[in-house]
Amino acid sequence: MAEKNIGTIGQLFPPKPTWTAADVPDQTGKTVIVTGGNGGIGRETARVLLSKGARVYIATRSEEKSQKAIEELKKETGKDSIFFLKLDLADLVSIKATAEEYTSKETELHTLYNNGGVMNSPIDHVTTQGFDMQFGTNVLGHFYLTKSLLPVLTATAKKTPAGTVRVVNVSSIAHQYGAPEGIRWATLAPGNDSLEARKKLTSTKLYGQSKLGNILFSKELARRYGAEGVVSTSLHPGVINTDLGRYSGSFLNWIEHMIGYDVSYGAITSLYAGTAPAAGELNGKYLTVWARLAVPNKKALDAELGKKLWEWCEEQVKDI
């Protein structure tokens, strides 16, 4: 599969998929985590993986909503190897506890789907540690979760065939529409220090900045841990009808309603990245709808920016 420059129109109105959930291979013996797995794309991803025999953990903040989703998914698939994992991506201390809980129960992790997140949240919303809610949740939260699970990921990679262990990072076409310079570091300081900078950038561009961060993180993870058997990819799942855009306003929600695809389409690219044999060769790559290899924005290809982001994230979590 060759990388292609696929324009906005080609991503908003893609051709019919040539690979679907029906093509997901048998997942028996695989253990996976899906963040944000109680709704939207995450729930559909979890449903397909469970139906194919995987042992699935849905990692979310709400146990009540997750248990409801778990019971529904058990009925829908006839499978019961699905479990709740408490995770608040907006709280670094919670994330550390999540990883500890998981490794107390499991000795293997084959695929981590970094799927959960927030979109266009109010400017003054911050994480528990005071970071911009969108970057703190979408980027820093998933960075720390992945970092905390790297020991079990790399251990699993040592005893499985090459290309088996994967980290799938859900980004967005919106990564093209953030800060012109890529990352506006002044927006990332915790507390009120960054409030004015965040206001100037706007919530929509802060979201785009966080989605760029997902790709930069994915590529840097690939560079640092590819030799240890971890395959890291990032992707745009498509414009999908979910509740992710609850803060987006009536106009953007209208657009999503008009051109958005069913959630079954939204899981295709994540499932391809996480399960297709060919995707085991795509370390560091970016995919778009539906499961097509693509070239992201040039800022996402900036290796120095990716390195700087990784180091910034390391600094924020060092004392947790």
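Axes here are lines fitted to C-alpha atoms, for helices over the stretch in contact, and angles run from 0 to 180 degrees between N-to-C directions. Helices (H or I, at least four residues) and strands (E, at least two) are DSSP runs, numbered from the N terminus. The model is predicted: local features need pLDDT of at least 70, side-chain atom pairs count only at pLDDT 80 or more, and totals for chains, interfaces and linings use all residues. Residues are numbered from 1 along each chain as its sequence is written, and side-chain values use heavy atoms, with hydrogens and water left out.

**Stop 1: α5 and α11**

Select residues 133–158, which are helix α5, and residues 303–317, which are helix α11; their axes come within 10 Å and cross at roughly 80°. The two are therefore roughly perpendicular to each other (65 to 115 degrees; under 35 counts as roughly parallel, over 145 as roughly antiparallel, and the rest as oblique). On the α5 side, show F135, V139, L140, F143, Y144 and K147; on the α11 side, show L309, W310, W312, C313, E314, Q316 and V317. These residues make the contact (heavy atoms within 4.5 Å). By class, the contact has ten nonpolar, one polar and two charged residues. Ala, Val, Leu, Ile, Met, Phe, Trp, Tyr, Cys and Pro count as nonpolar, Asp, Glu, Lys and Arg as charged, and the others, Gly among them, as polar.

**Stop 2: the sheet**

Next, colour the strands. Eight of them form an open sheet of mixed pairing, in the order β3-β2-β1-β4-β5-β6-β7-β8. Two strands pair if DSSP finds at least two bridges between them. The edges are β3 (82–86) and β8 (292–294), each pairing on one side only. From one strand to the next, the twist averages 25°.

Helix α3 (residues 63–77) packs on this sheet, where α3 touches β2 (55–60) and β3, and its direction makes about 170° with that of β3. Helix α5 from the previous stop also packs on the sheet. There α5 touches β1 (31–35), β4 and β5 (166–170), with its direction at about 180° to that of β4.

Zoom in on β1 and β2, which pair in the parallel sense over five bridges. I33 stands opposite Y57 in β2. Five of the six residues of β2 are buried, so this strand is largely enclosed by the rest of the structure (buried means under 20% relative accessible area, exposed over 50%, partly exposed in between; 1.4 Å probe, protein chains only).

Further along, β6 (residues 231–235) and β7 (residues 286–288) pair in the parallel sense over two bridges. Here S234 stands opposite Y286 in β7.

**Stop 3: N115**

Select N115, in the loop between β4 (111–114) and α5. N115 counts as buried because its relative accessibility is 14%. Beyond its neighbours within four places in sequence, N115 is in contact with V34, T35, G36, I41, G42, H142 and V170.

**Stop 4: R198**

Move to R198 in helix α6 (residues 195–201). Is R198 buried or exposed? At 2% relative accessibility, R198 counts as buried. Not counting residues up to four places away in sequence, R198 touches I123, D124, V126, D132, T187, G191 and L206. The C-alpha atoms of R198 and I123 are 6.5 Å apart, although the two are 75 residues apart in sequence.

**Stop 5: α2 and α10**

Finish with helix α2 (residues 40–51) and helix α10 (residues 268–275), which pack at an angle of about 45° with their axes 9 Å apart. They are therefore oblique to each other. T45, V48 and L49 of α2 meet S270, L271 and T275 of α10 in this contact, which divides into three nonpolar, three polar and no charged residues.
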